[in-house]
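Colleague: I have a model open on my screen and would like to learn how to read it. Could you walk me through it?

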Amino acid sequence: MRELAAGRPYKEIAARLRLSPATVRSYSRGLYAKLGVHSRGEAVAKASRNGLL
């Protein structure tokens with residue numbers, strides 16, 4: 001979530017975490033679903049409001 005909040009593209013996050021970009025996208029979609037949101041911006045805002053960042 002911190003990487004998403006920093007505005008890093010999936011490709012850069014993948015390189016930093018040694019994952020494939022597809023895996024990062026999949027994990028991100030899972031986070032969005034768990035937070036009940038549809039976009040990165042919504043996810044970051046909700047995570048911040050709930051003290052997750």
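**Reading the model, feature by feature**

Modeller: Let's begin with a pair of side chains: E12 and R8 meet in a salt bridge, at 3.3 Å from N to O. The term salt bridge stands for a side-chain nitrogen of Lys or Arg within 4 Å of a carboxyl oxygen of Asp or Glu. Please keep in mind that this is a predicted model, in which local features need pLDDT of at least 70 and side-chain atom pairs count only at pLDDT 80 or more, while totals for chains, interfaces and linings use all residues. Residues are numbered from 1 along each chain as its sequence is written, and side-chain values use heavy atoms, with hydrogens and water left out.

Colleague: What is the general idea behind such pairs, and how many salt bridges does a search of the whole structure find?

Modeller: Side chains of opposite charge can pair when their charged atoms come close. Here the search of the whole structure finds 4 salt bridges. One of them joins E12 to R16, with the closest N and O atoms 3.6 Å apart. E12 and R16 are separated by about one helical turn, because they are 4 residues apart in helix α2. Salt bridges that share partners join E3, R8, E12 and R16 into one network.

Colleague: Which residue meets R16 in a salt bridge at 3.6 Å, besides E12?

Modeller: That is E3, whose side chain meets the one of R16 at 3.6 Å, N to O. This pair links distant parts of the chain, with R16 in helix α2 and E3 in helix α1 (residues 2-5), 13 residues apart. From C-alpha to C-alpha, R16 and E3 are 9.3 Å apart in space. Leaving out residues up to four places away in sequence, R16 touches E3 and R8; a contact here means heavy atoms within 4.5 Å.

Colleague: How should I read exposure, and are E12, R8 and R16 buried, partly exposed or exposed?

Modeller: Relative accessible area sets the class: buried is under 20%, exposed is over 50%, and partly exposed is in between (1.4 Å probe, protein chains only). E12 has 34%, so E12 is partly exposed. R8 is partly exposed too, with 22%, and R16 counts as partly exposed at 47%.

Colleague: Where is S28 found, and is S28 buried or exposed?

Modeller: S28 is found in helix α3 (residues 21-35). Its relative accessible area is 3%, so S28 is buried. Not counting residues up to four places away in sequence, S28 touches L4 and Y10.

Colleague: What is a nonpolar core, and which residues make up the largest one?

Modeller: A nonpolar core is a set of buried Ala, Val, Leu, Ile, Met, Phe, Trp, Tyr and Cys residues joined through side-chain atoms within 4.5 Å. The largest has 8 residues: L4, I13, A14, V24, Y32, L35, V37 and A43. Two or more residues of this core come from each of α2 and α3, and α3 gives the most, with 3 residues. As for A14, its contacts beyond four places in sequence are L19, S20, P21 and V24. In the chain, buried residues make up 19% of the 53 residues.

Colleague: And what about the overall dimensions of the chain?

Modeller: The radius of gyration is taken over C-alpha atoms, and the globule rule is 2.2 Å times the number of residues to the power 0.38. With 53 residues, a compact globule would have a radius of gyration near 10 Å, and the chain, with 11 Å, agrees. Along its principal axes, the C-alpha trace spans about 30 × 20 × 15 Å. Residues 24 or more positions apart account for 40% of the contacts with a separation of 6 or more.
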